[in-house]
Amino acid sequence: MSSRRVDVVVVGAGSAGAAAAWHLARMGARVVLVDHRRPAAAGARWINGVPPWMFDEAAVPLPAPPERRPLGGAFAIFGTSGRAHVRLSPNPVWAVDMRRLVERLQGLAVAAGAELHAPARLVDLTLDARGRPTRATFQGEGAPFTLCARLFVDASGLAGALRRRVPLLARDCPPVPAQHICSAAQAVHAVTDPGVARAAFRAQGLAPGDVWSTVGLDGGYSTANLALSPQADEVELLTGAIAEPSRRAGTQILRALVEAHPWIGTRHFGGAGAIPLRRPYDRLAAPGVALLGNAGCQVFPAHGSGVGIGLVAARQLADAALAGHDPGGVATTWAYQAAFQRRWGGLLAAYDLFRRGSQGLTGDEADRLMAAGVLSASNSRAALEQRLVLPKARELPRLVAGLVEHRALSRRLGAGVARAPAALALYARYPLRPDPRGLARWSARIAAVFDEAPDLR
């Protein structure tokens with residue numbers, strides 16, 4: 001069995017892992033990027049909406065066609081009544097072909113000097129006496145090989161291939177329950193009759209290039225999107241719902257969507273997956289290992305997109321890892337988790353509180369609140385752009401009137417939202433330097449905001 005020493009091993013060659021490998025390699029680190037799938041099958045294989053500002057924040061060059069799909073029209077949000085409540089024009093997010101983005105990031109990483117080994121499955125992780133990973137063994141298509149490294153990055157997704165093998169992380173990163181997981185599906189289909197497709201969109205006040213989004217169809221936190229290409233020759237479908245037994249899975253909603261529109265033809269490509277929606281794990285790192293992307297629950301909870309925030313986290317990880325002499329040292333890995341939590345943790349936690357409150361609504365209740373103006377253009381745009389924003393002055397009278405009109409529903413929705421300022425304040429005080437006891441106290445405080453047990457016991 002061959003064995004080599006490198007600086008960093010990244011497990012998971014999807015968008016976040018490939019971006020981290022690229023940043024680390026171009027900064028001079030010896031990096032090996034590993035995935036259990038072939039390179040062309042790694043990461044998401046569908047279309048994802050990503051706000052363009054997040055590419056800049058992550059220092060990733062903006063996508064160009066055909067990686068960026070041609071959907072520059074409006075984004076219209078409908079309730080279960082069929083009434084359009086919000087129309088945003090132009091669409092504030094870019095439709096990105098994840099297959100091409102992942103391929104581009106993998107290519108950038110390899111061009112910068114990173115090695116890509118795929119398929120190669122992690123079969124063993126060796127820890128030192130203090131629980132720090134020192135080497136990992138992988139089984140590829142040939143003989144097994146071992147990599148010794150100072151930092152191991154878990155970008156393997158929700159399952160956490162490394163996370164569950166490191167005792168400190170296994171203890172402090174509890175499994176995500178079904179009520180905090182999104183069952184999502186996305187597919188691109190041919191359009192069999194462009195005229196009928198245009199007519200269907202025209203009946204909703206929409207045109208080719210627009211996104212027709214229906215929310216609440218399976219209760220709170222469920223959605224079905226149709227995005228018709230400008231030439232009306234393709235349609236992008238996106239569905240999602242909470243992964244509870246009482247609800248349809250994203251794949252089931254997608255099939256029903258296809259059946260409801262006979263003009264939707266052959267499937268070109270797509271995929272499905274389980275996406276964690278809870279706030280980021282309170283602990284995102286341990287000596288010698290860092291969590292990235294879905295492995296650390298670094299996902300925007302309001303709509304379950306983790307692509308942009310994963311790219312941003314990858315840059316933060318690279319900056320922290322190469323700022324000191326030991327990329328996996330206690331101070332270095334702590335600096336990464338503190339930087340992420342202080343900059344982005346409060347945003348994700350605030351939207352998690354909103355998501356938890358809204359997913360308990362029925363479709364009719366969600367529709368009534370939207371009709372009353374609780375869902376406004378400014379807060380809808382902010383959620384799609386993954387930003388925090390205050391309501392516009394012109395929206396306040398309708399918002400207040402809507403909250404008063406539906407007091408009982410507003411109280412249910414607002415119970416969690418009212419705690420957002422406390423969450424934001426706590427994340428701004430996430431311990432900056434290695435302090436296990438301080439982190440345990442912080443974890444208990446943020447858990448109290450969420451009315452749940454703390455991550456750290």
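1. Two strands are said to pair if DSSP finds at least two bridges between them. Strands (E, at least two residues) and helices (H or I, at least four) are DSSP runs, numbered from the N terminus. By this rule, strand 14 (residues 211–215) and strand 15 run antiparallel and are joined by five bridges.

2. The model is a predicted one, in which local features need pLDDT of at least 70 and side-chain atom pairs count only at pLDDT 80 or more, while totals for chains, interfaces and linings use all residues. Residues are numbered from 1 along each chain as its sequence is written, and side-chain values use heavy atoms, with hydrogens and water left out.

3. The chain contains 14 helices and 19 strands. Its C-alpha trace spans about 65 × 50 × 35 Å along the principal axes. Of its 457 residues, 57% are buried, that is, under 20% relative accessible area with a 1.4 Å probe, protein chains only.

4. Strand 15 (residues 222–228) is mostly covered, with six of its seven residues buried. On one side of the pairing, Ala 224 in strand 15 is the bridge partner of Thr 214. The hairpin of strands 14 and 15 has six residues between the strands, and Gly 216 there takes a positive phi near 80°.

5. Which strand pairs with strand 15 over seven bridges? The partner is strand 16 (residues 234–242), in the antiparallel sense. Asn 225 stands opposite Leu 238 in strand 16. Five residues lie between strand 15 and strand 16 in their hairpin, and Ala 232 in the turn has a positive phi of about 60°.

How values were computed
Buried means under 20% relative accessible area, exposed over 50%, partly exposed in between (1.4 Å probe, protein chains only).
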